[in-house]
Amino acid sequence: MTAAGLREPAAAKGLLILVAVAYVALMLLLPLGAVLYEALRKGWEMWWAAVSEPDARSSIRLTLIVAAIAVPLNTIFGVAAAWAISKFRFPGKTALIALIELPFSVSPVVSGLVFVLMFGAQGWFGPWLEQHDIHVIFALPGLVLATVFVTFPFVARQLIPLMTAQGSSDEEAALTLGASGWQTFWRVTVPNIRFGLLYGVLLCNARAMGEFGAVSVVSGHIRGETNTMPLQVEALYNDYDFVAAFAVASLLALLALVTLALKSAIEWRYSDELAAIH
Amino acid sequence: MPGAGRGRRTSPLPGLGLSLGITILWLSFIVLIPLSAVFVKSLSEGGHTFWAAAASPRALAAYRLSFGAAALGAAINCVFGLLVAWVLVRYSFPGRRLLGALIDLPFALPTAVAGIALTALYADTGIIGRILEPAGFPVAYKPAGVVVALTFIGLPFVVRTVEPVLAEVSSEVEEAALTLGATRLQTFSRVILPSIAPALATGFALAFARGAGEYGSVIFIAGNVPFKSEIAPLLIITQLEEYNYAGAAAIACVMLMISFAVLFLLNLLQHWQHRRAA
């Protein structure tokens, strides 16, 4: 009985679709369009001049460096955490999962603050670091630490449900057939989880490159030195150099669009393998 | 879950020590020890200083704005997020996949980019601000701007939480309701809404928690005037810039406690949701 009564009248359906599309267009699409419009308002030459200017280039380089350190670290952690949680039974597992997800509910500003309290001039290790001339806050290590904190749960959170649902029978079979532990991991587990892993790394990277609040606290905002791309956007915006601010922002918007496209491609093509995540 | 519930001793897989070791070490160094610094530092100058900073009139006004705007934004998203999820799950229409992919834009778009884009739209020269401002409803540089930014940030939390649950509401119960003479609207409010209520509440809590700590998308569009349009994360940064570490830590402490309370509530909600699904 898929009677007509189970569906809304065509007019109601059309209206609901229209409102949903209009809301998404107004709330999400319009801001995205605004970034691209403002960035290209004065033409491609101005856009190119803004993104190829030395401070902008240095901010792009810094953003890539920070992500290149933070993302692999959290990937290794994520795989290790998912392996321990999905393949074994031990007390306190639920609490461990909750602790791994903790950074999601911490304000980005607090995520940066914690490292200032530890490594800043008045922090726990501040005097010691100063004596040994090691710079953490207002330098690259601080930016990396804050980024690692903020992106901490991304990979683990995708892999834990996926690997739990997959169970360990494939791995057990490989071990029975004489494979070593590492062989089993690389040849059985990694191929099984590759799309979930890719998905987690993708989201982790997007957040790592786009993080603003946490790195803002630890950066010191030195142009050409400790400004990542989002911080450079803020600096240019506060100088009323709107075209340049939106030009750098448009690169980040592009990153977001590429991330969304890849994410959707993974979801559509490998929905079965990822079913456990959603 | 087959294979997931094996005992530790009977699991033939290697690597528990290594993977759990990495997990706990990384979790401690990146998350637990740094977070404990906030609590220790906030109390380092005594309870009196803590309360003077954490409960100052300026801090109270900032909490009210951050948490109030986050609650309002999350409530708006519950209405429109449910509508969008409904349209995505129940109807097929051209562009549905694109609409579905776009929902995650706030996850992928760096917050600073969202912030300057929303400001460009809602300022008195922007295409939305040009309409709203003469109509006596200014948004940019007002508390309303904070709500707009948090509504932007929170939409995917509600849609993504409600979507899978809505897809699983069995058509049998809807058919039963229809057979018993319920109208479509009655079926929605008496049958469908109760079964998705836990998911909707979870989405609200997630959007609320994220919004309360949000910084990047808000500071550009908020006026940042103390007592009026200054959010709590910004006040932390202001305290930090005045080298008032204990004050910054005290406000961070209050925000953390509230996030933890929300997190605890979320776990209860998920428990409720699972029991309902079972």
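The structure is a predicted model, in which local features need pLDDT of at least 70 and side-chain atom pairs count only at pLDDT 80 or more, while totals for chains, interfaces and linings use all residues. Residues are numbered from 1 along each chain as its sequence is written, and chains are lettered from A and ligands numbered from 1 in the order in which they are written.

The C-alpha atoms of chain B fill a box of roughly 70 × 65 × 30 Å along the principal axes. Of its 278 residues, 47% count as buried; a residue is buried if 20 or more other C-beta atoms, placed from the backbone, lie within 10 Å of its own, exposed if 12 or fewer, and partly exposed in between. Two residues are in contact if their C-beta atoms, placed from the backbone, lie within 7 Å. Among contacts in chain B between residues at least 6 apart in sequence, 78% join residues at least 24 apart.

Turning to the meeting of the two chains, the contact takes 83 residues from chain A and 80 residues from chain B. On the chain B side, helix α1 (residues 16-42) gives the most, with 14 residues. That side has 59 nonpolar, 14 polar and 7 charged residues, with Ala, Val, Leu, Ile, Met, Phe, Trp, Tyr, Cys and Pro counted as nonpolar, Asp, Glu, Lys and Arg as charged, and the others, Gly among them, as polar.

One helix pair shows the contact in detail. Helix α5 (residues 108-119) of chain A and helix α12 (residues 232-241) of chain B pack at an angle of about 25°, with their axes 10 Å apart; axes are lines fitted to C-alpha atoms, for helices over the stretch in contact, and angles run from 0 to 180 degrees between N-to-C directions. α5(A) and α12(B) are therefore roughly parallel, a label for angles under 35 degrees, with over 145 being roughly antiparallel, 65 to 115 roughly perpendicular and the rest oblique. From α5(A), the contact is made by Val109(A), Val110(A), Leu113(A) and Val116(A), and from α12(B) by Pro233(B), Ile236(B), Ile237(B) and Leu240(B). By class, this contact has 8 nonpolar, no polar and no charged residues.

Finally, chain A is assigned domain 1 (8-40) and domain 2 (43-274), with bounds from an automatic or database domain assignment. Here 6 residues of domain 1 are in contact with 9 residues of domain 2.

Notes: Helix = DSSP H or I, 4+ residues; strand = E, 2+ residues; numbered from the N terminus.
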